[in-house]
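Okay, thanks for coming, everyone.

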Amino acid sequence: MSTGSTPSSMSVSMVKFLLLAPTFFIFFPSVVSQTIPSSDGSQGQWRLLHANVGISAMHMQLMHDNKVVIFDRTDFGPSNISLPGGRCRIDPSDEALKIDCTAHSILYDIITDTYRPLMVLTDTWCSSGAVLPNGTLVQTGGFHDGDNVTRMYTSCPDDICDWVEYPNYLSRRRWYATNQILPDGRIIIIGGRREFSYEFFPRPSPRRHAFQLRLLIETREGNVENNLYPYVHLLPDGNLFIFANTRSILFDYNQNRVVREFPRIPGGDPRNYPSTGSSVLLPLDENEHSVDPEVLVCGGAPRGAYQQALRGTYVRAISTCGRLRITDQNASWVMETMPIPRVMGDMLLLPTGDVIIINGGQLGTAGWELGRQAATRPVMYHPSNPSDQRFSVMEPSSRPRMYHSAAILLTDGRVLVGGGNPHIYYNFSDVVYPTDLSLETFSPPYLSTQYASIRPVILSVDDTVSPGKRFLLSFSVGEYIAGSVLSVRIVAPSFTTHSYSMNQRMVVLRIDEIIDNETSSSYSLIVVGPSSAPIAPPGYYLLYVVHSGIPSSGVWVRLQ
């Protein structure tokens with residue numbers, strides 16, 4: 001870990017040239033403990049990867065080298081994994097441990113099922129992140145000495161890379177903020193506790209500057225707030241959809257102008273931290289005559305639930321989802337009811353275009369010790385199904401994942417799940433939900449072996465894709481059904497924390513031609529890249545072929 005001297009300005013291209021001194025790391029072997037299958041895989045399967053990776057997975061990001069950056073916070077006290085080589089973090093301002101020789105970040109390799117410690121110097125608690133077009137993770141803010149810090153992690157082939165920190169780079173304290181990658185490759189950083197503004201990375205000039213966002217002022221509920229980690233989605237027209245508490249706007253960040261305000265979500269109950277629900281931008285389909293974005297917001301806690309939980313009364317979580325077609329002239333929320341009420345649930349786009357709702361609880365809110373009755377059963381939401389057939393309930397996990405848990409999509413279509421620590425420090429005994437240091441995966445039903453004959457396997461694809469340009473993709477499949485049930489999709493992996501997966505998006509690409517290679521069970525596709533940067537900003541994406549509802553394993557492509 002190193003600390004970069006605070007630059008007067010920092011360009012995206014500079015990230016490529018950050019050099020780190022070599023260090024030595026310890027690799028930890030796989031500990032596969034348990035697989036929990038449904039009888040036929042129709043409700044998915046759980047598998048415990050590691051009972052203890054040393055830290056609780058509060059934040060997670062999949063990188064384009066198939067490794068996952070995971071971290072929690074530095075002021076928990078000692079973690080359960082040591083820094084290598086006798087290194088220690090010395091922080092006089094740390095409230096828990098001023099000399100700390102343990103790690104609070106790890107790098108998990110999904111191919112080898114091993115992990116190694118990484119070193120963060122300043123507190124990353126309740127921070128945010130996004131990946132630059134060159135593949136570097138930019139992580140912003142946190143608590144105390146970390147609240148104005150920008151940190152970067154760049155993958156490397158020799159496993160000596162680590163975090164680089166830039167103190168005082170941010171203009172405002174960014175604690176519980178949201179990041180979104182923009183069409184030009186910049187990152188916008190929005191909000192934070194008692195911060196009602198946004199700023200950009202890299203900075204446009206050496207002078208630090210933030211821009212006021214009135215929505216955050218108007219939606220704050222006193223000390224409860226209920227508008228932290230606002231939901232932010234980049235739309236095909238280049239504007240941002242921003243949701244906070246119960247309100248949402250279409251926002252032109254270049255002009256600092258509200259283009260449109262949408263109706264409040266029905267019910268009047270808040271959906272943002274600490275009444276934590278979640279949100280996704282549903283897949284953008286380039287095969288349609290026009291790309292009409294839809295936003296889905298699910299779960300949360302009723303108004304007043306946080307105050308009641310502080311007094312020991314845990315109110316039932318919200319069971320509704322709201323779906324909004326943003327381009328409709330008279331856009332209005334269409335409400336649906338989940339089979340399980342849920343607060344602190346993660347929502348992830350799967351390769352099929354379905355949404356998995358996973359983790360969280362059924363009573364209470366986010367916050368220290370404020371959640372109860374773990375929601376251990378994931379729920380699938382099928383956005384293209386008839387309205388009365390959109391939800392299905394999956395196999396339960398044996399592990400509750402409450403406050404400070406996280407989930408991300410992996411390359412092969414599994415969901416990586418970890419974390420859960422509703423305590424100020426690590427606490428493993430005499431509490432309702434002990435700190436959880438494990439990692440497990442959930443395999444959705446499409447990974448069942450019963451679909452092996454119709455599962456596509458990508459044989460080759462261009463590793464670089466240009467907007468609006470055609471490219472060639474080849475795949476094989478044992479039993480080809482029809483081109484009408486074939487699609488090619490790209491997915492931007494998310495930075496997940498506090499039940500919100502920042503930057504995730506899916507684009508269904510246009511297939512111009514299907515070529516049957518006749519002599520084998522392989523086929524070639526002529527596919528067209530995304531039509532514009534607002535549809536799909538530059539960067540690394542996972543590309544999937546989906547055949548009759550069954551996805552291939554993903555391959556990485558870089559969108560220029």
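Let me start with a word I'll be using a lot: buried means under 20% relative accessible area, exposed is over 50%, and partly exposed is in between, with a 1.4 Å probe and protein chains only. Now the caveats. This is a predicted model, where local features need pLDDT of at least 70, side-chain atom pairs count only at pLDDT 80 or more, and totals for chains, interfaces and linings use all residues. Residues are numbered from 1 along each chain as its sequence is written, and side-chain values use heavy atoms, with hydrogens and water left out.

Salt bridges, then. The rule is a side-chain nitrogen of Lys or Arg within 4 Å of a carboxyl oxygen of Asp or Glu, and by that rule the count is 29. Take Glu 440 and Arg 401: their closest N and O atoms are 3.0 Å apart. Glu 440 sits in strand E35 (residues 439-443) and Arg 401 in the loop between E32 and strand E33 (405-409), so to speak of sequence, they are 39 residues apart and the pair links distant parts of the chain. When I say strand, I mean a DSSP run of E, at least two residues, while helices are runs of H or I with at least four, and the numbering goes from the N terminus. Are Glu 440 and Arg 401 buried or exposed? Both are buried.

There's also a network: Asp 292, Glu 294, Arg 323, Arg 325 and Asp 328 are joined by salt bridges that share partners.

Another pair is Glu 336 with Arg 390, at 3.1 Å, N to O. Glu 336 is in strand E26 (residues 334-337) and Arg 390 is in the loop between strand E31 (379-381) and E32, so this contact ties together parts 54 residues apart in sequence. Glu 336 and Arg 390 are buried too. And then Arg 89 bridges to Asp 91, with 3.2 Å between the closest N and O atoms; again, both are buried.

Okay, sheets. Two strands pair if DSSP finds at least two bridges between them. As background, strands of a sheet pair through backbone hydrogen bonds, either parallel or antiparallel.

Next, the annotated part. UniProt, in an unreviewed entry, puts "domain: Galactose oxidase-like Early set" at residues 455-558; positions are in the numbering used here, feature names are shortened, and annotations may be inferred rather than shown by experiment. Over residues 455-558 the chain is 0% helix and 59% strand, with 24 Å between the end C-alpha atoms.

My pick from this region is strand E39 (residues 486-492). Seven of its seven residues are buried, so E39 is largely enclosed by the rest of the structure. In general, side chains in a regular strand alternate between the two faces of the sheet. For E39, one side has Leu 486, Val 488, Ile 490 and Ala 492, the other has Ser 487, Arg 489 and Val 491, and both faces are covered. E39 runs antiparallel to strand E44 (residues 539-547) over six bridges, where Val 488 stands opposite Val 545. With strand E42 (residues 505-516) there are five bridges, also antiparallel, and Arg 489 has Val 508 as its bridge partner.
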